[in-house]
Every structure is written in C-alpha cells, then in structure tokens.
Amino acid sequence: MQNETKSLGARRWIAILLIGLCGQIAWAIENNYINLWVYSQSFDASHITWMTMASAVVATLTTFFIGALSDKLGKRKIFISVGYTLWGISVFAFGLMSLDNMKTLAGGDLEIAILLVGVMNVIVDCVMTFFGSTANDACFNAYVTDETNEKNRPFVESVLSVMPVISLAIMLGVGTMLGVPGEQGSLGKTEFASAQAKPWLIFFLAFGIFTTLVGIISFFLLPKDHIKPNREDHYFKHMVKGFFPKTIKDNKLFYICLLTFLFFNVAVDSFMPYIMVYIQGLPSVTTGLGFLPSMAIIFATGTAIVILIGAFLNRIGSRKVIHPSIVLMGLGALALFLAQSDSYVWLLLGGIALISGYLVGTAALGAKIRDLTPAHDVGAFQSVRMVFVVMIPMIVGSNISLAFFGETGVIDPSTGTNERPPNRMMFIVTIASLVLALIPATWLYIEDSRKTSDIDGVKLD
C-alpha cells in the first residue's frame with residue numbers, strides 16, 4: 001500500500017484513469033447499452049433480466065477464484081493485462097448475435113430466432129463477464145486498494161465513481177454517430193431489428209478494439225507487482241475466508257458497510273438495467289429535447305455533483321455522505337414515480353437527483369469498503385464484495401422490478417411476442433430498498449464514529 005504521505009504519482013494515475021475508464025466503458029456496454037441492443041432484437045425485457053442474473057453469478061464466481069489466486073501468487077498485472085485483451089474480443093462478439101443471424105440458425109423460424117437472440121446474448125455476456133471480472137472486479141479493484149490509502153482513497157474513489165458516467169457519455173456519442181439506438185418510426189419490429197444490426201456491429205467492433213488495445217498498453221503501463229504472495233492459507237480456504245464467522249467478527253465494520261451497500265445496490269439494480277429503455281419510451285422525451293440530450297443532461301449534472309463533492313470527500317469523511325446520498329436518490333426515484341409520462345421537467349429533475357444520489361453513494365460506500373478491507377487479503381475480499389455488492393443486488397433488484405413489468409405486457413401482433421416494457425413501478429422497488437439501506441447505514445455511522453473516537457481520544461462527529 002502507498003505510504004500515508006506519498007502521492008500516487010503520474011504513472012499510477014494514468015494507469016488508474018485509462019484502465020478504469022476502459023473497464024467502465026466495457027461494463028457500461030454490458031450493463032446498460034447492450035440492453036437497448038437486446039431489446040431491439042428480441043422485444044422482450046425478460047432477456048435483459050436473464051443477462052443481468054447470469055452475469056452477476058459469473059462475475060461473482062470469477063472473482064472468487066481469480067481474486068484469491070492473485071493474492072496467492074502476488075500478481076495483479078498479468079490478470080489485468082490479459083483479461084482486458086480478451087475482454088475486448090468478447091465485446092465484439094455481441095454484434096454477431098443479431099436477429100437476422102439467429103433466423104439463419106433457426107432456419108427462418110422467427111419465434112425460435114427471438115429465443116436464440118436471448119440465449120446467445122446471455123452466453124456471450126457470460127464469456128465477456130468472465131474476462132471482465134478477472135481483469136476489473138478481481139484484480140484492478142484489488143490493485144487500486146493496494147495502491148491507495150485512507151488519505152487519498154476518497155478522492156480516487158470519487159474519480160472512479162464518475163467513470164461510469166463518462167463512459168456512458170462516450171457510448172452515447174459514438175452510438176449517435178453510428179445511429180444506435182435508432183428510431184423505429186414506421187418500421188415493423190423485425191425490419192427495425194435488421195436495420196439496426198449493422199450499426200450495432202460496428203459499435204461493438206469499435207469498443208472491442210479499444211478494450212483490447214488498453215489491455216496491450218497495460219502490459220507496459222502498469223508497474224511491477226509489489227504485493228507479497230499469501231503463503232499462509234490453502235488456496236480454497238483463502239478463497240472463502242471472507243465468509244468465516246471469525247473473519248466476520250474480526251472485521252465487523254467491513255460487513256456492516258457491505259450490508260449497506262447490498263441494499264443500496266438492490267435499489268440501483270431495480271432501475272439501472274431498464275432506465276434507458278424506459279426513458280426512451282416516454283412521450284415527454286420525444287416532445288422534449290429527445291432521448292440522447294435528456295440522458296446527457298441527467299448524467300452530466302450528476303457527474304458535476306459527484307466531482308464537486310469528491311473534491312471535499314477527503315475532508316468530510318465518506319461516512320458523512322452516505323445518508324444524504326441515499327435520501328437524494330430516494331427523492332429522485334419518488335419524483336420519477338409521481339411524474340406524469342408527459343412531464344419533461346420532472347423527468348429531468350427526478351433523473352438528476354436519482355443519478356446524483358447513486359454516484360455520490362457509490363463513491364462514498366466504495367471508499368469506505370476499501371478503507372475497511374484487510375490489507376493482507378485484498379484479493380480474497382473482492383469475492384465477498386462481489387456477493388454483497390453485485391450478485392445479490394443484480395438478481396434481486398432486477399427480478400423484483402421485472403415482476404411489475406409483467407402487469408403491463410403487450411402482445412405484439414406482428415411477432416406474437418410479449419414486449420414487457422419497463423414501467424415506473426421499478427422506482428417503488430428503489431425507494432423500498434433505500435429505506436432498508438438506511439438501517440445498516442445508521443449502524444455503520446454509529447460504530448465507525450465510536451471506533452474513531454476510541455482511536456483519537458476525542459469525539460469527531
């Protein structure tokens with residue numbers, strides 16, 4: 001770990017920014033933009049949910065094995081570099097899973113082809129997630145924890161927390177130039193799927209090449225590993241060490257923070273996989289500035305807010321920001337639920353509050369998690385983090401929301417499929433989960449304040 005008074009230095013900052021941004025672009029494609037792709041080819045939101053669940057399980061299992069292995073070997077660099085290189089190739093593969101290609105495989109049977117779109121995209125998504133979780137979740141996350149300390153970590157985490165928004169802006173920009181997502185207009189659904197196939201293929205190819213190039217560059221950019229290999233525990237014991245009762249007892253604050261993060265991310269995953277599809281279908285967006293400008297305003301404002309708060313997060317302390325971010329995100333969800341479908345102003349205000357709360361909360365909780373991660377087991381504890389922060393929330397949040405989508409499903413006469421479009425009930429799921437998040441968040445605040453008081457001899461809060 002970095003010395004308390006030592007800065008990160010230019011080389012480490014460049015590595016964190018470039019590798020972090022590239023990773024978030026790839027994840028943003030997998031978590032957000034690809035949902036538009038799959039929906040344009042299959043017309044069914046349930047395929048998005050299956051992708052979300054499968055990806056969560058694969059990401060968690062991968063982090064279990066690779067995180068512990070990187071600790072055992074004392075290696076992060078090789079997993080990051082090779083992982084990113086192969087990650088890019090898997091990104092390109094999405095563009096091959098179009099409805100037209102699946103119809104060819106299905107012998108022209110449209111119903112089977114639509115099913116294959118879902119199945120094949122789920123498979124490719126799992127392959128992509130394996131490489132991405134190896135490189136990013138298991139090893140890059142551990143690398144950042146290794147290279148930062150409690151002095152510089154909150155600001156680094158704030159910078160990393162806006163990476164998803166910057167990546168989304170880049171995606172939207174490139175997508176706009178290529179014509180994805182396009183307007184269906186008077187086209188039938190199958191004709192629209194065919195028209196979208198080529199620009200989406202180019203889109204996935206462009207970002208696949210970029211991710212692979214960053215993987216190659218990281219071979220030369222990342223400094224030599226300096227972490228000490230963990231020879232104390234057996235590999236499989238070390239892999240599940242974070243779930244032992246003794247480990248939980250010895251790291252009480254870490255697990256309270258994880259519990260807070262769990263409910264927070266259930267709230268996030270109840271709307272995040274569907275938010276772009278939902279906003280794109282609102283009448284107010286069509287009559288307002290349009291889909292892309294609206295998304296740009298919402299996410300750009302959220303980015304500005306988290307950067308502003310991030311600049312002071314070192315002084316404020318991350319625990320003091322957790323409660324306000326939860327409340328802000330809840331108010332945004334409430335505004336979006338109450339807003340009429342033709343209320344454009346409320347859409348923007350609610351969206352800004354929702355995304356701002358999400359970004360600030362992610363930065364604060366992420367920094368606190370890194371602070372509380374045991375320094376000698378960083379890789380192994382990434383798997384614990386993945387279970388609480390990624391797998392459970394992605395499965396629970398997305399499925400609860402999907403259950404509400406079923407109530408508004410509409411059978412399309414041209415395809416015979418149930419579109420199951422996302423609806424505003426997902427924001428009620430968000431609010432309910434955020435209310436639950438306040439309980440462990442309060443517990444964390446009290447326990448952490450008490451611990452700080454014991455260490456410093458004075459009450460700081």
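G179 sits in the loop that joins α6 (153-178) to α7 (189-221). The model is predicted. With a relative accessibility of 32%, G179 is partly exposed, because that class lies between the 20% limit for buried and the 50% limit for exposed. P199 is 20 residues from G179 in sequence. In space, the C-alpha atoms of G179 and P199 are 6.4 Å apart.

L160 belongs to helix α6. Its relative accessible area is 12%, so L160 counts as buried, the limit being under 20%. Leaving aside residues up to four places away in sequence, L160 touches I16, F140, V144 and R370. A further pair was examined for L160. M272 stands 112 residues from L160 in sequence, and the two C-alpha atoms are 18 Å apart.

The cysteines were considered next. A disulfide is a covalent bond between the sulfur atoms of two cysteines. A search of the whole structure returned zero disulfides. C126 takes part in none. For C126, the nearest cysteine sulfur belongs to C139 and is 19 Å away. The cut-off for a disulfide is 2.5 Å between the sulfur atoms. C257 has a relative accessible area of 0%. C257 is therefore buried, as the class requires a value under 20%.

The fold as a whole was then described. The protein contains 17 helices and zero strands. The C-alpha trace spans about 70 × 45 × 40 Å along its principal axes.

Burial and contacts were computed over the chain. Of the 461 residues, 59% count as buried. Among contacts with a separation of 6 or more, 84% come from residues 24 or more positions apart.

The protein exposes about 18400 Å². Carbon and sulfur atoms supply 69% of that area. The protein carries 31 positive and 31 negative charges.

Definitions and conventions
Residues numbered from 1 in each chain as written. Predicted model: local features only at pLDDT ≥ 70, side-chain atom pairs only at ≥ 80, totals over all residues. Heavy atoms only, no water. Buried < 20%, exposed > 50% of the residue type's maximum accessible area, 1.4 Å probe, protein only. Helix = DSSP H or I, 4+ residues; strand = E, 2+ residues; numbered from the N terminus. Contact = heavy atoms within 4.5 Å. Areas by Shrake-Rupley, 256 points an atom, 1.4 Å probe, with all protein chains shown as cover. Lys, Arg positive; Asp, Glu negative; His and termini not counted. Charge placed at Lys NZ, Arg CZ, Asp CG, Glu CD.
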